[in-house]
Amino acid sequence: MPAPVLSLLGLMLATLAFASQAEVPDAAELYAPCAACHGASAEGNVALRAPRLNHLRPVYILAQLDKFQRGLRGGADATLAAQQMAASTGLLPPAERLPDLAIYISELESGPSASTLATGDEAAGGRTFMRLCGACHGANAGGNVALNAPRLAGADDWYLLDQLHAFREGQRGRHREDRTGRQMRNMAAMLDDEQALQDVIAYIRSQAE
Ligand code: HEC
Ligand code: HEC
């Protein structure tokens, strides 16, 4: 194992040992092992491919954790990043504490994440977004709880790109029980080329969180 991975593991184990000493761990303690990858404020860590989480609503966070736990996301056909997250579900608290953890994450704050992509065409991306994405994710990319469509505004640009690729290439949203993932997979297939992806991401990034 490379040294950074080893030290990360050590950090997680230390945090876990600490958490288990407390009688009833508070939400911050429940989040501590996640911070090793996602950051202290859930601001994300591009080097680890661990995305920002604090722009997401608790209901979506819970739904994704459930998918990772049940192998609907992060299975054998998934990206390495998704498999790493699936493996990290062992760090999650018992089911009855998951809502506390999800609410805690959604209440953390951080500034806009740094741009990592060469600029796409925001205006062209906006037209595509209105045509193909806004009906579910909202015109301002704020998400729609009733449709299970997450907020996209505030997400890391590299993560949006990774996920659109993963959906298009059948690495996410393939499991037959992953109903909402399959919906999104069909939509990602409609973005015909790399430029269309970059443009739509430029539009999403222009929207306030
Ligand atoms: C070893 C690093 C690592 C640890 C530890 C980790 N994660 Fe992750 N997490 C990731 C990566 C990488 C992804 C991106 C998966 C992908 O690309 O599909 C991710 C994705 C997620 C997502 C999905 C976000 C979205 O927009 O769909 C949630 C929610 C999440 N993690 C929550 C947690 C929680 C809660 C913990 C603590 C129990 C945790 N993670 C611990 C690496 C990690
Ligand atoms: C039919 C409704 C629908 C449409 C239209 C739609 N999406 Fe989605 N999208 C979803 C749902 C539902 C999810 C959550 C998938 C899951 O539960 O894994 C999602 C998830 C995503 C994610 C992953 C976010 C994350 O945090 O992991 C991205 C990125 C995304 N959509 C982008 C787009 C873009 C860009 C378009 C337009 C090309 C689009 N979506 C159109 C329903 C839709």
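Domain bounds, as used in these legends, come from an automatic or database domain assignment. On that basis, and in what is a predicted model, domain 1 (3-107) and domain 2 (122-206) both give residues to the shell around ligand 2, so ligand 2 lies between them.

**View 1. The protein chain is built from ten helices and has zero strands.** Read along the sequence, the pattern of the protein chain is α-α-α-α-α-α-α-α-α-α. Of its 209 residues, 44% are buried, and its accessible surface comes to about 11000 Å², with 57% of that surface belonging to carbon and sulfur atoms. Among the contacts in the protein chain with a separation of 6 or more, 64% are accounted for by residues 24 or more positions apart.

**View 2. Ligand 1 has 27 residues around it, of which Cys 34, Cys 37, His 38, Tyr 60 and Met 85 come nearest.** At least two residues of this shell are supplied by each of α2 (27-38), α3 (58-70), α4 (80-87), α5 (98-107) and α8 (157-168), and the largest share, five residues, comes from α3. Divided by class, the shell around ligand 1 holds 21 nonpolar, four polar and two charged residues.

**View 3. Side chains of Tyr 60, Arg 73 and Gln 163 place polar atoms beside oxygen atoms of ligand 1.** For Tyr 60, a polar side-chain atom lies 2.8 Å from an oxygen atom of ligand 1. An N or O atom in the side chain of Arg 73 is likewise 2.8 Å from an oxygen atom of ligand 1, while for the side chain of Gln 163 the corresponding distance between an N or O atom and an oxygen atom of the ligand is 2.9 Å.

**View 4. Gln 64 lies in helix α3 and touches two arginines, Arg 73 and Arg 172.** Of its two partners, Arg 73 has a side-chain N or O atom 2.8 Å from an oxygen atom of ligand 1, whereas Arg 172 has one 2.8 Å from an oxygen atom of ligand 2.

**View 5. Ligand 2 is surrounded by 24 residues, the closest being Cys 133, Cys 136, His 137, Tyr 159 and Met 184.** An oxygen atom of ligand 2 is 3.0 Å from an N or O atom in the side chain of Tyr 60, a residue that is also among those nearest to ligand 1. For the side chain of Arg 172, an N or O atom is 2.8 Å from an oxygen atom of ligand 2, and a polar side-chain atom of Thr 180 lies 2.8 Å from an oxygen atom of ligand 2. The elements giving two or more residues to this shell are α3, α7 (134-137), α8 and α9 (179-188), with α9 giving the most, five residues. By class, the residues of the shell around ligand 2 are 16 nonpolar, six polar and two charged.

**View 6. Ala 196 lies in helix α10 (residues 194-206).** With a relative accessibility of 15%, Ala 196 counts as buried. Although Ala 196 and Asp 121 are 75 residues apart in sequence, their C-alpha atoms are 8.8 Å apart in space.

Key:
Residues are numbered from 1 along each chain as its sequence is written. Chains are lettered from A and ligands numbered from 1 in the order in which they are written. This is a predicted model: local features need pLDDT of at least 70, side-chain atom pairs count only at pLDDT 80 or more; totals for chains, interfaces and linings use all residues. Side-chain values use heavy atoms; hydrogens and water are left out. A residue is near a molecule or strand if one of its heavy atoms lies within 4 Å of it. A polar contact is a pair of N or O atoms within 3.5 Å; within protein, one must be able to donate a hydrogen and the other to accept it, and residues adjacent in sequence count only if both atoms are side-chain atoms. Helices (H or I, at least four residues) and strands (E, at least two) are DSSP runs, numbered from the N terminus. Ala, Val, Leu, Ile, Met, Phe, Trp, Tyr, Cys and Pro count as nonpolar, Asp, Glu, Lys and Arg as charged, and the others, Gly among them, as polar. Contact means heavy atoms within 4.5 Å. Buried means under 20% relative accessible area, exposed over 50%, partly exposed in between (1.4 Å probe, protein chains only). Accessible areas come from the Shrake-Rupley method with a 1.4 Å probe; for residues, only the protein chains shown count as cover. Lists of a residue's contacts leave out its neighbours within four places in sequence.
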